[in-house]
Amino acid sequence: MDDGARRLEFHGGRAMSLLPFGVFIALIFLTTFVWRSISDGALWVPAFVAILVPFFLAKDKKHYSEVVISGMARKECLIPVVCWIFAGVFSRVLRESGLASGIAGVASGVGVGPTLFLVITFLASAVFATASGTGFGTIAAGMGVLYPAGVALGCNHPLLAGAIISGAAFGDNLAPISDTTICSATTQGVDVPGVVRSRLKYCVAALAITIPVFVILSIVKGVDASAVAPSAQYNPMTLIMLVPVIITIWVAVKKGDIIIATSVGIIVGFVFAIPAGLIDFVHIDSVSTLPAVISVSGEGLDRVVGGVLYDGLVSMIQVIMLALLLFGSISVMQRGEGDLLILNGLGKVARTASGAEATISAMVIVLSGIMGLNAPAILTVGASFAKPMSRKYGISPYRSANLMDAQSNVLAYSLPWSPAMIYTLGFAKDSGAPLVGTEVMPMVIYCFAMFVVMGVTIVFKIGRNDFMDHLSPDMRAQYGAGEIPPA
């Protein structure tokens with residue numbers, strides 16, 4: 001057996017591999033809810049201590065360190081980290097160009113108020129996420145442009161961020177090129193287009209719940225008192241930055257790669273912003289009020305290099321650091337088989353088809369909540385548990401794929417310490433209208449609406465035979481109720 005893949009053993013058994021997340025969540029509650037801190041340390045310290053404490057319970061300390069390193073080096077970790085870096089810089093280019101004030105000014109000029117802008121923000125985010133297949137890319141674009149514009153218009157800040165995250169979750173749930181869509185389909189052995197078509201009715205139902213709730217909450221909360229009057233303050237030249245935004249969206253849809261899209265967006269953004277006088281190319285000890293691509297200032301050893309590029313990179317440090325530490329903890333749990341302990345425990349609950357659907361949902365919700373990510377949770381549950389349970393109780397594989405994908409978004413996008421939330425809070429902090437995760441969590445309406453929709457379908461046995469007629473006769477025979485086909 002490959003030494004790197006062997007089980008990580010602890011004094012106290014497999015349950016100790018869940019300790020990193022127990023420590024992390026306990027400390028997060030202390031730093032966030034008791035001490036009410038939103039600093040980097042309020043997240044980094046709990047995440048680091050969560051990895052440090054179980055080290056002393058590992059039987060093989062060297063193996064433990066290798067498992068932590070391998071978790072941080074996983075492709076599933078590094079891909080989003082690289083995407084965040086590029087998306088952070090692109091978002092900074094748009095923010096520093098003043099595009100948000102231009103959008104807010106135009107919206108105010110044509111009579112778009114906070115409530116309508118909130119709905120537009122949610123729908124625009126949903127369309128972008130569905131087209132591009134990237135939830136994090138959608139958050140970067142939305143928080144970089146729509147969030148500050150909505151703040152200027154008087155939208156409730158947590159509600160506005162919740163609309164952007166909700167749109168990102170909608171696209172992540174439905175997009176054919178989304179990693180969660182692909183993972184949910186492949187683990188159940190069915191085609192992605194069929195999964196998307198069978199999933200559409202659930203997404204539309206959740207959408208129909210989400211929009212009225214956003215409207216009601218916006219009306220109840222009213223206009224933010226700190227809002228400025230954007231119609232008299234924006235520079236019309238900022239609207240030229242819509243061109244790089246459109247080009248970036250087109251590339252993202254065409255290529256399905258957020259790194260390629262944002263790389264193009266960064267360069268095109270500078271090409272338009274510099275000649276338009278929105279951003280300078282370089283500042284050397286300058287007193288100009290305009291931002292610059294690169295700036296140099298200070299004296300002696302305190303001389304520093306900064307600018308738009310630097311600020312964009314720095315803005316992503318918090319979420320990158322948290323992701324690395326969390327992936328180390330995820331690796332410890334998986335190598336220590338703590339995830340199997342959870343799944344085996346939940347698997348004993350199912351006694352009927354409805355029970356099986358509820359159990360699959362609970363498995364994905366728990367694991368995505370612990371991991372803070374949805375795709376790894378789907379991969380963990382999909383082939384090992386959801387597929388055999390669906391066969392045993394005659395549940396269509398399209399249905400089990402939809403259950404996993406829909407339910408995986410409930411906590412992965414809403415928990416105050418999840419990477420998606422921290423990513424959002426980082427952008428908000430840089431925009432001058434900071435947020436607290438606990439304020440935004442209840443405003444991620446789409447995720448909770450989808451949870452309600454899927455819960456109703458479980459209770460009323462809706463969708464259990466979704467697209468069953470699309471299966472081959474041999475595969476359909478495998479899903480006869482009460483039988484698990486021989487391996």
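**Close-up views of a predicted model**

**View 1. Helix α14 is mostly covered, with 14 of its 19 residues buried.** The model shown in this and every other view is predicted. Helix α14 runs over residues 317-335 and reaches 27 Å from its first C-alpha to its last. That span is close to the 27 Å expected for its 19 residues at 1.5 Å a residue. After the helix comes Glu337, whose phi is positive, near 65°.

**View 2. Helix α16, residues 353-371, is also shown with the residue that follows.** This helix has 19 residues, and its first and last C-alpha atoms are 27 Å apart, close to the expected 27 Å. Of the 19 residues of α16, 16 are buried, so the helix is described as mostly covered. Gly372 follows α16 and has a positive phi, near 75°.

**View 3. Met371 lies in helix α16.** Is Met371 buried or exposed? Met371 has a relative accessible area of 0%; because buried means under 20%, this residue counts as buried. Leaving aside neighbours within four places in sequence, Met371 is in contact with Phe21, Leu326, Ile330, Met333, Gln334, Pro376, Ala377 and Thr380. Ala401 is 30 residues from Met371 in sequence, and the two C-alpha atoms are 19 Å apart in space.

**View 4. Helix α9 packs with helix α18 at an angle of about 150°.** Helix α9 covers residues 179-187 and helix α18 covers residues 397-412, with their axes 8 Å apart. The crossing of α9 past α18 is right-handed. On the α9 side, the contact is made by Thr180, Thr181, Ser184, Ala185 and Thr187. On the α18 side, the residues are Ala401, Met404 and Asp405. Sorted by class, this contact of α9 with α18 holds three nonpolar residues, four polar ones and one charged one.

**View 5. Helix α9 also crosses helix α10, here at roughly 110°.** The axes of α9 and α10 (residues 192-221) come within 9 Å. At this angle α9 is roughly perpendicular to α10. Which residues meet in this contact? Thr181, Ile182, Ser184 and Ala185 come from α9, while Val192, Val195, Val196 and Arg199 come from α10. Five of the residues in the contact of α9 with α10 are nonpolar, two are polar and one is charged.

**View 6. Helix α17 meets helix α18 in a right-handed crossing.** Helix α17 spans residues 375-393, and its axis comes within 10 Å of that of α18. The two axes cross at roughly 145°. From α17, the contact uses Ile378, Val381, Gly382, Ala386 and Ser390. From α18, it uses Ser400, Met404, Asp405 and Ser408. The contact of α17 with α18 divides into four nonpolar, four polar and one charged residues. Met404 and Asp405 of α18 also take part in the contact with α9.

**View 7. Asp172 sits in helix α8, residues 157-174.** With 4% relative accessibility, Asp172 counts as buried, because the cut-off is under 20%. Where neighbours within four places in sequence are left aside, Asp172 is in contact with Ala129, Ser178, Asp179, Thr180, Thr181, Asn374, Asp405, Asn409 and Tyr413. Asn409 is 237 residues from Asp172 along the chain, and their C-alpha atoms are separated by 8.4 Å.

**View 8. Ile25 is placed in helix α1, residues 19-34.** The relative accessible area of Ile25 is 28%, which makes this residue partly exposed. Ile25 and Pro46 are 21 residues apart in sequence, and their C-alpha atoms are 7.8 Å apart in space.

**View 9. Asp285 and Phe467 are loop residues with positive phi values.** Most residues other than glycine have a negative phi. Asp285 is not a glycine, yet its phi is positive, about 50°. Where is Asp285 found? Asp285 is in the loop between β1 (280-284) and β2 (292-297). The relative accessible area of Asp285 is 46%, so this residue is partly exposed. Phe467 is another residue other than glycine with a positive phi, near 55°. The loop that holds Phe467 runs between α21 (445-459) and α22 (473-478).

Note on methods
Residues numbered from 1 in each chain as written. Predicted model: local features only at pLDDT ≥ 70, side-chain atom pairs only at ≥ 80, totals over all residues. Heavy atoms only, no water. Helix = DSSP H or I, 4+ residues; strand = E, 2+ residues; numbered from the N terminus. Expected span 1.5 Å × (residues − 1). Buried < 20%, exposed > 50% of the residue type's maximum accessible area, 1.4 Å probe, protein only. Axes fitted to C-alpha atoms, helices over the stretch in contact; angles between N-to-C directions. Left-handed = near helix turned anticlockwise from the far one by under 90°. Contact = heavy atoms within 4.5 Å. Nonpolar A, V, L, I, M, F, W, Y, C, P; charged D, E, K, R; others polar. Parallel < 35°, antiparallel > 145°, perpendicular 65-115°, else oblique.
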